[in-house]
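Take a walk through this model with the coordinates open beside you.

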Amino acid sequence: MFDETKREGPSLADLPIGAKAFVESVKAKGSIRGRILAMGLVPGTALEVVRKAPMGDPIEIVLKGYHLSLRSGEARAVKVSSTPVGTLRGIEKEGR
Amino acid sequence: MQDVSKNVRVALCGNPNVGKSSLFNALTDSRQHVGNWPGVTVERKSGYRVYRGHRIEIVDLPGTYSLIASSKDEEVATKYIIEESPDVVLQVVDSSNLERNLYLTMQLMEFGKPMVLAMNMSDITEDRGDSLDLDVLKRFLGAPAVRTVASEGIGLEELLDAIVGVAKRIPVDRRVGYGELEATISDLRDMVERDAEISSRYPSRWMATRLIENDSYVKGLLADRPIWKDLEAYLSNIDREEGEMDLADSRYTVIDEVVALSCKRCKPKRSVSDSMDRVLVHRYLGIPIFLILLWGAFELTFSAAAPFMDLIDAGFAELGDWVAGNVRPEWLASLLADGVIGGVGSVLIFLPNIVIMFMILGILEDSGYMARVAFLMDRLMSRVGLQGKSAIPLIMGFGCNLPAIMATRSIEDRKDRLITIMVTPFMSCSARLPVYILFAGAFFSHMAGTIVFMMYMIGIAAAIFTAMALRAFVFKGEPSAFIMELPPYRLPTTRSVGVHTWDRAFLYVKKAGTIILLGVVAIWALASLPFGVEYGSEASWIGAIGKVIEPLVEPLGFDWRIAVALLFGFVAKEIIVGGLMTLYGAGQNENALTDALKADGSLNQVNAFGLMTFSLLYMPCVATAGIIWGETRSWKWTMFSIVYGIVLAYAIALLIWQVGGPLFG
Amino acid sequence: MKEDDSRLMWFGALLAAAYLVFGTLEVLGGIGYDGERLGDLYVQGGIMDGLVLLVIGAVFAFGWKERDDPSVFPLMGISLGTIFLVIYLVLMGANLLSLLMFGSEHVDGWTIADGMRPGIYLGVISALGGVVWRKRLSLTMLSRAGA
């Protein structure tokens, strides 16, 4: 499901209800980037998709023990993976 | 250095929904001052308390999740801490949600101020069996942490002791280590410190991190300094997006450690809230439940207020009659009775609405349901350039635009709020109904209901059009984001709802009162001058104005009497009917007016429809215009709302008469 | 607990039926269906009142569809029914106040019987259910708001 060679991994918006995943990176720009990061969506964070609003958007996720909703537009900028590989927090990262 | 042993200034910070206002109210009692932060529409609240010989002044900063100046709220908070240099920074922390709350703590620590943490809602944390080691927290963060339950006033003394305790001390130096970014931070610090003036005023490490995070406020501070060129060149060579992520990452790494060491069994349980959400934001039931609750709120706001409104109305009528009968000279009696008393009455008559509506809104907000409404409605509202939180004010607008515009306060995003305020006047309020009933009854007897319904639809269409146009042209290229916490459901307290309601009601009377009174007196003067004319007659100034603008409204199929009635309508739209009664000499009898209108050869179905449309759209009433000014603090937007409404109404009424006239007339 | 759950579900089913039937009657009355017989049941014929009853009925009814957490829907139905009971009582009180202060002409001849409606007596049944299952309603488990 997670193709290593593909540069663009799946995003939070692609996850079905009930899926659990880890944040890999945040691609958003500008002030929205800061807001996403401040809410705790930093690399390595575990999250779960709880539900989607009646018309499929926004989505509700749970992370760090609290519930957060965001539009799929913002969710698309949050790349996720099924394992926290390579982005474990506290481990030095090399060669960006 | 000022004498802090007598006067302690405290900045109150915290995330939204953590009980910050409750704590503020509990700490300051009612010794509060409510105002606005200079230049912005963010409310500024401050208050004080005398405690053991200290005068502790507390400024309630806007609730924020972080302190990178990307929103007005965050900028206001940052600016206050930096520029007004409070003695103590007090952060309210939701103990049941430590991790996300401590992110703000990490940023506050960078200011190098003495800090105190109020571990609020500790009752919930303990109820669910968590234990929090405050000593570990204190050692780790270098700031005393005190257990509080703000809504019940628990832990206040300890908190005040802690505030007084740290106020006299040099703050403990605690900083987040940023790993490999430290080299960059240190480079930036060195560059900032070359400017002696800047580095003496602002903490350089804080500046360095904020520069990486592209903070507009810090950039503004440095933009006209000689060092800026070098800084800019340096910053353009580093990957700031990666840097921003690494900073956030490091802060959360520290938080993970703090939480792991200080908190046992911190596994948040939300079973009750989760269960409730299974129903309240259910795929099929969510929106219907919201709609019926809204209808209930609507009924309460407008029907339950009726006896109180009637009472106020009757009281002012009585008072007016007494003044008219007993005060001499006559012009003074008329000024007092028709102008001042009528004007004050027209302001206060809405007070029952406002009080009930803010009680309901307070309950919805405090319970956490408002966030669900935004979640449910966002998809629909974002399609037309608004957002989820716009739904409540817009629908309240069908009752009365004025409290609806005050209700936009729950929208944090400035642009979204402004757009919502601008389109709210197109929601056909109940004051416009008498106009529709009169004309629909007189000219469309067989299909009056459909015509009235069409008016509501035209209003909604105008609102959608306006919102989309504003989003597309005025706020072009400014993306609107929707990232919102869904807090757990809570039981609202009487105290918190009461304080909220009182604040709003008071603000309404104070802000709207002055400007509405001015407007009403101005209209009175126009209708009564020159001396001796019959109130609002052809010979009065307003009659003269009506004559002057008659050529303008002629293409719409209106004569001078309609023009004058519409001028009266600015005071309050239901006055249009009363104005027409005077102008058509129909006394106080609506049936006589209907006959007179039918008998008037210049009116037919087409311009009657045009007139209804015009009175729907043509600018908010003076009370609403006053509150638009009060809420936006911008003459530009207030004028825009008035002028745009007139232009839109004119264009549509023109279309109706010019196209419809030849076709159906 | 299991037995209690099934009792709660049956109570919910009963109220689902009642709310849906009366909701339908209200809506029918609202669009002009024979008003005379409905009056005996205090059905006022209000479309919005009918929709309120239908939505509350639907909440109760969904308890049978989503059975993995069987108590939530009946309990929320009970809460909504009680909320509307309170709303209707306040509206009745407001009209009564108008009647007492300004006389019957001011309220277009409104009487207490005009304030009576299915939302009230069904709401009373809901509220009674709320008293029986007050522990399950667990409102006390919600913390008090501090915001």
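Six strands build an open sheet, in the order β5(A)-β1(A)-β2(A)-β3(A)-β4(A)-β10(B). The pairing is antiparallel. The two edges are β5 (78-81) of chain A and β10 of chain B. Each edge strand has a single partner, so one side of each is left without a neighbour in the sheet. Between neighbouring strands the average turn is 40 degrees, direction ignored. Helix α1(A) packs on this sheet. It touches β1 (20-26) and β5 of chain A, and β10 of chain B as well. Its direction makes about 140 degrees with that of β1(A). Keep in mind that this is a predicted model.

β4(A) pairs with β10(B), residues 483-485, in the antiparallel sense over three bridges. Which residue of β10(B) does L68(A) stand opposite? It is E485(B). For L70(A), the bridge partner in β10(B) is I483(B).

Step back to chain A as a whole. It has two helices and five strands. Along the sequence they follow the pattern β-α-β-β-β-α-β. Of its 96 residues, 44% count as buried. Take the contacts in chain A between residues at least 6 apart in sequence: 55% of them join residues at least 24 apart.

Chain B comes next. It has 665 residues, of which 49% count as buried. Its secondary structure comes to 31 helices and ten strands. The C-alpha atoms fill a box of roughly 85 × 55 × 55 Å along the principal axes. Among contacts in chain B with a separation of 6 or more, residues 24 or more positions apart account for 72%.

One helix of chain B deserves a stop. Helix α31(B), residues 635-664, has 30 residues. How far does α31 of chain B reach from its first C-alpha to its last? The span is 41 Å, close to the 44 Å expected at 1.5 Å a residue. Several of its residues are buried, among them T638(B), S641(B), G645(B) and A649(B). Further along the helix, I652(B), A653(B), I656(B) and W657(B) are buried too.

Follow the partner α29(B). The axes of α29(B) and α31(B) come within 9 Å and cross at roughly 170 degrees. An angle over 145 degrees counts as roughly antiparallel, and the two helices are therefore roughly antiparallel to each other. From α29(B), the contact includes Q605(B), V606(B), F609(B), T613(B), F614(B) and L617(B). From α31(B), it includes L648(B), I652(B), I656(B), W657(B) and F664(B). Glycines take part as well, including G610(B) of α29(B) and G645(B), G660(B) and G661(B) of α31(B). The residues of this contact divide into eleven nonpolar, seven polar and no charged.

Chain B also meets chain C. Here 38 residues of chain B are in contact with 29 residues of chain C. Which helices of chain B each supply at least two residues to the side that touches chain C? They are α1 (20-28), α4 (122-127), α13 (271-280), α14 (286-303), α15 (306-326) and α17 (351-367). The largest share, eight residues, comes from α14(B). By class, this side of chain B has 20 nonpolar, twelve polar and six charged residues.

The walk ends with chain C itself. It has seven helices and zero strands, in the pattern α-α-α-α-α-α-α along the sequence. Of the 147 residues of chain C, 40% count as buried. Residues 24 or more positions apart account for 66% of its contacts with a separation of 6 or more.

Notes:
Residues numbered from 1 in each chain as written. Chains lettered and ligands numbered in written order. Predicted model: local features only at pLDDT ≥ 70, side-chain atom pairs only at ≥ 80, totals over all residues. Helix = DSSP H or I, 4+ residues; strand = E, 2+ residues; numbered from the N terminus. Buried ≥ 20, exposed ≤ 12 C-beta atoms within 10 Å, placed from the backbone. Contact = placed C-beta atoms within 7 Å. Nonpolar A, V, L, I, M, F, W, Y, C, P; charged D, E, K, R; others polar. Expected span 1.5 Å × (residues − 1). Axes fitted to C-alpha atoms, helices over the stretch in contact; angles between N-to-C directions. Parallel < 35°, antiparallel > 145°, perpendicular 65-115°, else oblique. Pairing = 2+ DSSP bridges.
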